[in-house]
Amino acid sequence: MFRLLIPLRELWSDFLDLLFPPPRGCPLCGAGAEGEGFCPRCREMFLDHRVPVGCTVCGCFPVRNGTGGACGGSGSRPSPRTLCPHCRSDRPPFKAARAVGPYEGVLKEAVLRLKFRRERGLARPLGHLLAAVAREMVPPGAVPLVVPVPISSRRLALRGFNQAELLAGELCTALGWPLVPVLRKVRETLPQTGLSRAERLSNLSGSFAVVPGALPPGRVVVLVDDVITTGSTARECTSVLLAAGAAAVYVLTVAAPYCPATTPAGPPAGR
Ligand SMILES: [Zn+2]
Ligand SMILES: [Zn+2]
């Protein structure tokens with residue numbers, strides 16, 4: 001079914017490039033000359049020297065210049081079993097979550113520009129960054145199904161697109177993995193901002209569903225979203241995908257917070 005979608009998606013993406021031409025210079029920060037790809041600064045930040053994660057499960061980043069604490073000690077590479085306090089006390093149902101980098105600077109700007117200023121051209125460079133992270137996260141040789149986190153039909157009507165689906169589409173184009181948009185948001189939920197972790201989970205409970213029969217069973221799934229905050233959305237979507245027959249779920253986002261156990265304010269949760 002999803003094989004038919006690929007040529008259409010490419011046509012659509014060419015059409016969107018005409019409407020929303022990619023920015024000149026570095027696709028993330030605009031520096032440098034046209035057509036040169038990422039500028040040296042962005043390349044260094046996101047491809048060559050990615051910040052090592054503080055938690056090997058949820059992928060949150062260790063607090064900068066922190067000395068020890070909850071998140072992988074002094075900021076050196078975590079041991080294979082490094083878990084943040086949240087994952088230690090309440091292990092998420094997904095195998096692992098990884099992001100391109102912390103939710104700050106040009107990465108944060110890029111997410112906000114894509115989502116709220118509707119700069120769809122940013123999906124492609126961000127999708128390439130996601131592809132680099134995805135290759136490291138998923139077991140070698142696996143061809144996972146890529147499932148974007150859905151937004152409600154009301155929000156889709158307002159924004160005109162689902163940013164997670166654009167990112168997932170670019171990831172699939174880069175890696176040749178099948179895009180399988182089988183999740184639906186079936187219930188409108190309150191904004192997550194200002195809710196506690198427990199309130200966030202109960203707010204989302206029952207709000208996502210898999211289209212019946214649409215998910216091929218026994219496959220590894222990569223769930224794609226723009227930002228992971230407390231992980232409530234990723235947990236809820238993962239549970240629904242596992243119940244629908246997924247073998248395992250990995251979560252891939254553009255940005256992730258610093259360790260939530262040591263930083264009180266994470267990124268905004270407005271979807
Ligand atoms: Zn740049
Ligand atoms: Zn964690």
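Colleague: Leaving aside its neighbours within four places in sequence, which residues is Val-224 in contact with?
Modeller: In this predicted model, Val-224 touches Leu-130, Val-146, Val-147, Pro-148, Val-149, Ala-164, Leu-167, Ala-168, Leu-171 and Leu-252.

Colleague: And which residues touch the most other members of the largest nonpolar core?
Modeller: Val-224 is one of them, along with Leu-28, Leu-126, Leu-171 and Leu-252. That core has 41 residues. Elements giving it two or more residues include β1, β5 and β6, as well as α2, α4 and α7. The most comes from α5, which gives eight residues.

Colleague: What lies apart from it?
Modeller: Another core, this one of 36 residues, including Val-53, Leu-83, Ala-214 and Leu-223.

Colleague: How many bridges join β2 to β5, and do they run parallel or antiparallel?
Modeller: Four bridges, and the two strands are parallel. Val-146 sits opposite Val-222 of β5.

Colleague: Now α8. Which residues are buried there?
Modeller: Arg-200, Asn-203 and Leu-204. Seen down the axis of α8, the buried residues fall within an arc of 90°, so they line one face of the helix.

Colleague: What covers them, and which exposed residues are on the face turned away?
Modeller: The cover includes β3, β4 and α9. Ala-198 and Ser-202 are exposed on the face turned away.

Colleague: What follows α8?
Modeller: Gly-206, with a positive phi near 75°.

Conventions
Residues are numbered from 1 along each chain as its sequence is written. Chains are lettered from A and ligands numbered from 1 in the order in which they are written. This is a predicted model: local features need pLDDT of at least 70, side-chain atom pairs count only at pLDDT 80 or more; totals for chains, interfaces and linings use all residues. Side-chain values use heavy atoms; hydrogens and water are left out. Buried means under 20% relative accessible area, exposed over 50%, partly exposed in between (1.4 Å probe, protein chains only). The arc is that of the directions from the helix axis to the C-beta atoms. Contact means heavy atoms within 4.5 Å. Two strands pair if DSSP finds at least two bridges between them. A nonpolar core is a set of buried Ala, Val, Leu, Ile, Met, Phe, Trp, Tyr and Cys residues joined through side-chain atoms within 4.5 Å.
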